[in-house]
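Colleague: Before I set anything up on this complex, I would like to go through it with you, one question at a time.
Modeller: Gladly; please have the sequence and the coordinates open while we talk.

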Amino acid sequence: MTRTDRAETVLAVNGLRIEFTRQAGPADPVPPAVDGISFEVHRGQVLALVGESGSGKSATAMSILGLLPGTARVSGSVRLEGRELRGADAAELRRVRGGRIGTIFQEPMSAFTPAYRIGWQVAEAIRAHHPRMPRAEVRARTLELLGSVGLRDPDRVGRSFPHELSGGQLQRAMIAMAISCDPVVLIADEPTTALDVTVQAGILELLRGLRTTHGTAILLITHDMGVVADLADDVVVMRQGKVVETGSVESVFAAPAEDYTRELLAAVPSLSSLQTAPRMPSAEAVPGDAALAAEARDAVIAYGRAGLRGGGVVAVEGASFRIARGKTFGLVGESGSGKSTLGRAFAGLLPLRSGSIEVAGVDLATAPSARMRSLRSTLGYVFQDPASSLNPRSLVGDAITEPLRLHTRAPERERRRRAAELIDAVRLPASTIDRFPHELSGGQRQRVAIARAIALEPTLLIADEPTSALDVSVQARVLELLAELQRELGFACLFISHDLAVVQELADEVAVMRLGRIVEQGPAGRVLAAPENAYTRRLLAAAPVADPAAQRQRRELWLALDADDPEAAA
Amino acid sequence: MTATTAGRDDLAVSARKTGFRTLVGKLARDPFAVASAVTIAVFLLAAILADPITAITGNDPFTYHQDLLDGQGQPLGWGGGISADHWFGVEPLTGRDLFSIVVYGARTSLFIGISATLLSVLIGTIVGITSGYFGGWYDRIMSRIVDVMFGFPVLVFLIALMAIIPADLPRPPFIVLVIGLFGWPGISRIVRGQALALRERNFVVASKAMGARSGRIVLGQVLPNVGATIIVVTSLIIPGMIAAEAALSFLGVGVTPPTPSWGRTIGDAILWVRTSPMYLVFPGAALFLVTLAFNVFGDSLRDALDPRTARR
Amino acid sequence: MTLLRYLSFRLLGIVVVLFVIAVVTFALFYLLPSDPARLACGRPCTEANLAKVREYMGVDQPWFVQLGEFLRGILFGRTFGSTVTIDCDAPCFGYSFLRNATVTELISDRFPATASIALGAAILFLVTGVIGGLIASLRRNSVVDRGIMTFSIAGVSTPVYLAGILVILIFGFTLRWLPTSGYVPFEDSPVEWLTHLILPWVSVAFVSAAVYARLTRSEMLEVMGLDYIRTARAKGLAEARVIGRHGLRTALLPVVTVFGLDLGVLLGGAVITERVFAIPGIGSLLIEAVGAVDVQLIVGLTLFAAFLVVTLNLLIDLVYGILDPRVRVG
Amino acid sequence: ITGCTAGGGDTGDGEQTLYILSTDTTLGWDPAINVNFPSTWEGLIARRLTTWKVTDSGVEVVPDLATDTGTVSEDGLSWTYTLKDGIEFEDGTPITSADIKYGVERTYSPDLAGGLHYHQSLIQGGDSYAGPFDGAELDGIETPDDKTIVFHLTTSYGDWPWLAAMNAFAPVPVGEGTDLAAYDEQPIASGPYRIESNVAGSETVFVRNEHWDQSTDEVRTAGPDKIVIRQSQNPSTTAQSLISDTGDAKTSINAYPLSAAELALVNADPSAQERLVTSDGGMLYYVALNNDSPTLSNPLVRQAVQYATDRAAIVLAQGGDQAAVAATTLIPGGIAGHEDFDLYPEDVDKAKELLAEAGYPDGVTLNLWVANEDTAAAEALQQGLARADITVNINPLDIGVMYGDAMGGNPDYDMFLSYWIGDYPSANSYISLMFDSAYIDGGYNLSRTNDAAVDEAMHAAIAETDPDQAASDWTAIDKQIMGLGSMLPLYLTRNSYLGGSDVEPFTIPGYPPFPDFTTLSLAG
Ligand SMILES: Nc1ncnc2c1ncn2[C@@H]1O[C@H](COP(=O)(O)OP(=O)(O)OP(=O)(O)O)[C@@H](O)[C@H]1O
Ligand SMILES: Nc1ncnc2c1ncn2[C@@H]1O[C@H](COP(=O)(O)OP(=O)(O)OP(=O)(O)O)[C@@H](O)[C@H]1O
Ligand SMILES: [Mg+2]
Ligand SMILES: [Mg+2]
């Protein structure tokens, strides 16, 4: 913070230190989660807090509002508009929370109380700070807020329960709630992590608007360097609870002073240059039958029971593509476009309403159950959410060798040896084998899931967003690992992601999905560099890159495309 | 697959202990668990070794000692006739040795309480898991059966049944069967709810994707995750079952006299509580202690089995 | 499935359940070698007299015929009596020959007492249990928490009759605060109604509240760690509101389920409590009916109890939908 | 509120209320089916032709609605009664002989089964009569005028005067009582009280019947202004509140005898002890030894059981001599025909010998049916018999189910423990119902005694109209039956009642062992 032409400081954190004590048991020393960090946030500015997972970003944000659990010990000072917040009494804290400081949480899905309607929850936030405001006015203000965050139908959204809305809609509602009392500071903890790029772009745009129109100061927490480049004015890089580097976004991105920052930036996968002009379709090399690992033909997949007149949710409509042996087939598209559904169908977990899917020449719909089971031994599956795909009560070693137990007669000792091999293959410390999933970090869990998927040396690996929950450095490692394993084992891979850069790095072929349909497919280089479909182009434009200058151009491009497209996402 | 694992064979030997021994180790470090386990063990031992234990004073729960009573059948002497021969005193009206009655009563009450619980938990778990996991028509039919079971007054059934079964057949197994067979719907409901949620969890789907058969998924993935609930329910139900036996005896459809049972003794002793309080205190305390122990032990066991609280 | 379809499906289920219960109960008492006519026949009982009574009670018929008549009575009503005519209008749930009254009348006579015990006790144990569990969860691992949990274990471990007798001894005879037995209808004297019911309520609540305290505590511990609680706090809500509106609301879901069952069972007759406190309710009526092998009354009461349980089940499922919109039907 | 209002039964205007605390949960008052003794509750509302006068020494039949206790014809087949003047129902209509006839006729309706039916087959035409509701009349009863009623019997019957005192001989206004449920709840009273309200399971309230005239009634004194029968009372709490003697308890009395535990409570409280009234005898507890059982069909085994019985233990298990006296005969003390004898003085060795002789040197195993509430006696019996290697399996049952089974074609027991009290104080009512072979299936002949000699002797004794001759006949029959060994009398209860301090002192004879509510009065 060297510049002097700064706007006034609204939030100042000084020498913040956070320690978590354990509930019971021996008092083995735990290193502090946050160790003496300081930064300032200025009116109308965005300060980004970046760093690897577990570096203390969220803990810092929570401590500002005094929302850490009772096991946390906090020292240092947090000043809001010059007043000390640490040690403030409950009433003062309540006034600040939601009043002076608004908060947007990670994972909008779980951040709303499931039992109440969205409108009610937003109104509750208003009433908490304006207890005497008349009902009608509260209602009007709620609708106005929901409208102001770009929700198309605020009335309907207000009447909806959280589970009835999409992640993007919820995140917007969350922002509406956060700004309901015109806060001077907005804390946004990973506001877009779970969202797809087009929605993300919309939300970032919204935050930017807030900053300019209301002069709100924003403390942005993220590990997505593209998002930082897109929105932030200043950056604080954290690692293991300490500040590594501070500076303006331009200076940090252009000339990182610390090794760690450099590493972090280098790990960000980047989209190669983007062409937005439509091109003539060109003939594409389609793999012949011999080289085929799997194929979908006019697959229609629906959830729910099919009534007489269709019924249920049709999630995938008429998808056809082929996956060549040893190649990676990328599946991209916005959230809810049916990517995971297709993935599940390839594993035979969902019935097809019509069409067919063949894996290794076997039609999944007609295969007898014994055939199906043996087929599954040649299939690896990495689920979208790695944490939940591991049984919390199984040790990692047992989880990894589950396929061996199911399909081979390998004795215990042999299984254990194999587990050690696999753990090693995914570059995890050997001790991981005897841990429970909850004792691992997200990245580690993801790797365990991969290890399990390749345990039987599959011919087809379905990887559903294997890196979505990871920070860039870990993500880079996992992707590298996947590529390496593929080279080694030669499996075909159905790679599902909404991160175009990641897909570009890994995939040979790409299909772009939207609303259950494949809108465009072809070689990765072609589709991602010179998309023919308008939607693909918009998707590409929405993906932020970790370069502030370049990102500014991309943003303008995206805004232009967005304005063109009548069906731009809500 | 790579050379790096070559030198790592040491790994293959020392597996992390997740089995019974670790569990015991964890429990051993929890003073509440130890205390309750010891209590339960003492009662179980007393139940099993009822004969030698009561033989110490040369008593049994059946012999009348009416010489120890006054003309109205009240125990003579302090504390309901407590003496070196009769540690807990004697029963009013009959003069039977109360210590023997409590010790032998443990046999009946614990046998009925534990077996009926096991029966209920077994059926409840099987029905609950399968109907939660498989769903569909099976689940709907099972839910209706559970409704029937809930709606049916056990007591009527028991009273009627007791009149049908031949008198010379021992009653405890029948009581176990009946209260066990009527006790499972509650458990099945709880388990079903959990299984329903677990079915959608990714690790269950993952297991399916790996080619596991339904049976294996139910046993290997679903069951361990409802285990904690089952254990807690079990520990809560055992006292309930002992109390149910006691209540049946209170209503006169319990075990046949003179077979000692805590429930019957307590039911009788209540009438005497003001004139011979010790008659109620000893069996009452025994019932209370053992149910308390089961509850506390259940709580500890749940904590010990949950990997998330492993480091406590 | 629409709400209407769901409801009709469930109502059909209730009918089936009740039918099954009626069949089982009839069959069960037919298995009994007891002859209800002999018990009704008076002293001395001649063969001729017995035959008349048998015919009059309808027990000379095979059980399925009796069952058929019974079911027909529910739908269309029926008449009893040989030289006098006793009308039992639809829905007729039977007639007690020993009491010269239709089962419906008997139930409506006795139900207020049972309902008074059940509802009062239910409210008491629900409120104390939930509040106890709530306090314990908020003061986790404190002395208060341990105290409440120990007390609740004591409750679980106490048979209800023991609790009943103990409260009678303490509050009725030692302290002489409250009457110890009997039931006074609310219409006669609300005050007496209340004072007569306090002890039954307390003894039932002491035993049952424990379960609720434990359940509430564990659910609250779970829920209060969820993300949306943090959101509610970050909005600047008062802690009481966070706990009450956001925490408890979800934590109460399983409590509601258990409560529905408990209430259903209690309403169907608190047999032991009624016996200990000498309250003429459905439970004691059932015991008497069984003792007298009054088959129609037994079946009628059984059906009534079952009906309460299954209807409350349905009701709870619907309430569940209100509390948790995610499982809402329709 | 029980125990909270001060001042006993005196309500504001000096009205006195007697509270009778009963465990009953339903009380029906239709005289056709009510089985109360004439001296207890039903006697308060229903007068009958004759009634009981209870004194310290026992009970005698005295005129009630009739001017005398009836005149019997030479052949003993017709009984004639003349009604008093000035007798009215509670609504003021005079009671006529037709009302009495109608009342008796009602008891024949199958819709009103369940009462005492001793008179039914005795009266001519009774076997084919099915009640008055369809207009039919019973030929055996004649009412030449409003004041006279004549009963024509099929056979002479020595105990007839006792029968005429039963509830069946209470008047019911002709044509009334067709709504059976309503009439059972609130019959039309002829006694000193009428029913003001009757809530099943809760309480029955008796208030004064203004149309009852004391001068026409030589027994009832109608002391309290109001009598409330509290139903569904818990025996243990009843005893506790009577001991405490506060509030309503001062004018309360228990309807059913105190148990051993309750007695112990009374004994611990000197002031309560003073108020305790105990009868000399009461219900006869007995064990019927099933003559049809494979083992007990052998008279030697039955005798072994008799010899091995430990009556002292059984009596103490009831609460000692304060609560019971050992019984060795069928006819209890206080009943004409009673003679003290013991054919089987306790002798375990003899019992073993008999068993060995019967071919059971290692003992026998017998099952015993007993009602849930009587298991204490069963256990004490069990331990006594165990001394002679007789193993007893106790099968406690609900009392209704137990009788329903035993009489309903499933007499699957070896021994059956229960109690008996005659419906009127005659040896006949203690013996004939229990040992006449006609009552084996479906009746109270639970020992299934089928002995032609016994049958014959009983029929003769029943027809005997000379009381003294009848008494000695019954004594002989008592010995005869005891000789068969098929009946094991255990003990007679001594019934204890505890009145509140405002209940005037009273006594209880051995028969009927209940307080005489028709004469009970309150102090003040
Ligand atoms: N309630 C808690 N109890 C104990 N330790 C905690 C708690 N919350 C966080 N920590 C620890 O504090 C450290 C900082 O966590 P924090 O959530 O701030 O990380 P983060 O930078 O937000 O990571 P991510 O990018 O994964 O969200 C981590 O090591 C974490 O394990
Ligand atoms: N179990 C289900 N039942 C009903 N509808 C479902 C179910 N799972 C998914 N859907 C719906 O199917 C559609 C496709 O979902 P899918 O999970 O395949 O999307 P996705 O492309 O993987 O999205 P994301 O990027 O968010 O993972 C969505 O509209 C979704 O709401
Ligand atoms: Mg975080
Ligand atoms: Mg997905």
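Colleague: How far is an oxygen atom of ligand 2 from a polar backbone atom of A:Gly338?
Modeller: Please keep in mind that this is a predicted model, and that the distance is computed from its atoms. A polar contact here needs a pair of N or O atoms within 3.5 Å, and the pair formed by a polar backbone atom of A:Gly338 and an oxygen atom of ligand 2 is separated by 3.0 Å.

Colleague: Which residue places a side-chain N or O atom 3.4 Å from an oxygen atom of ligand 2?
Modeller: On the backbone side, A:Ser337 has an N or O atom 3.2 Å from an oxygen atom of ligand 2. The side-chain N or O atom at 3.4 Å from an oxygen atom of ligand 2 belongs to A:Glu465.

Colleague: What percentage of the area that ligand 2 exposes when taken alone does the protein bury?
Modeller: The residues around ligand 2 include A:Tyr303, A:Lys339 and A:Gln384, and by class this shell holds 2 nonpolar, 7 polar and 3 charged residues. For ligand 2 in contact with A:Glu465 through an oxygen atom at 3.4 Å, the area exposed when taken alone is 630 Å², and the share that the protein buries is 64%.

Colleague: Which helix of chain A gives the most to the shell around ligand 2?
Modeller: Among the residues of that shell are A:Lys339, A:Ser340 and A:Thr341. The helix that gives the most, with 3 residues, spans residues 339-346 of chain A and is helix 12.

Colleague: How much of the area of ligand 1 taken alone does the protein bury?
Modeller: The shell around ligand 1 has 4 nonpolar, 5 polar and 3 charged residues by class, and helix 1 (residues 57-65) of chain A gives the most to it, with 3 residues. A polar side-chain atom of A:Ser58 lies 2.6 Å from an oxygen atom of ligand 1. Taken alone, ligand 1 exposes 630 Å², of which the protein buries 59%.

Colleague: Which two cysteines form a disulfide?
Modeller: With a cut-off of 2.5 Å between cysteine sulfur atoms, the count over all chains is 1 disulfide. The sulfur atoms lie 2.1 Å apart, and the residues are C:Cys88 and C:Cys92.

Colleague: Why does A:Cys181 count as buried?
Modeller: Buried means under 20% relative accessible area, and A:Cys493, for instance, counts as buried because its relative accessibility is 3%. A:Cys181 also counts as buried, because its relative accessibility is 13%.

Colleague: What distance separates the centres of domain 2 and domain 3 of chain A?
Modeller: The domain assignment of chain A places domain 2 at 101-182 and domain 3 at 292-305 + 312-531. Taken over C-alpha atoms, the centres of these domains are separated by 36 Å.

Colleague: How many helices does chain B have?
Modeller: Of the 312 residues of chain B, 58% count as buried. Its secondary structure has 0 strands, and the number of helices is 11.

Conventions:
Residues numbered from 1 in each chain as written. Chains lettered and ligands numbered in written order. Predicted model: local features only at pLDDT ≥ 70, side-chain atom pairs only at ≥ 80, totals over all residues. Heavy atoms only, no water. Near = heavy atom within 4 Å. Polar contact = N/O pair within 3.5 Å; in protein donor to acceptor, adjacent residues only side chain to side chain. Areas by Shrake-Rupley, 256 points an atom, 1.4 Å probe, with all protein chains shown as cover. Helix = DSSP H or I, 4+ residues; strand = E, 2+ residues; numbered from the N terminus. Nonpolar A, V, L, I, M, F, W, Y, C, P; charged D, E, K, R; others polar. Buried < 20%, exposed > 50% of the residue type's maximum accessible area, 1.4 Å probe, protein only. Domains from an automatic or database assignment.
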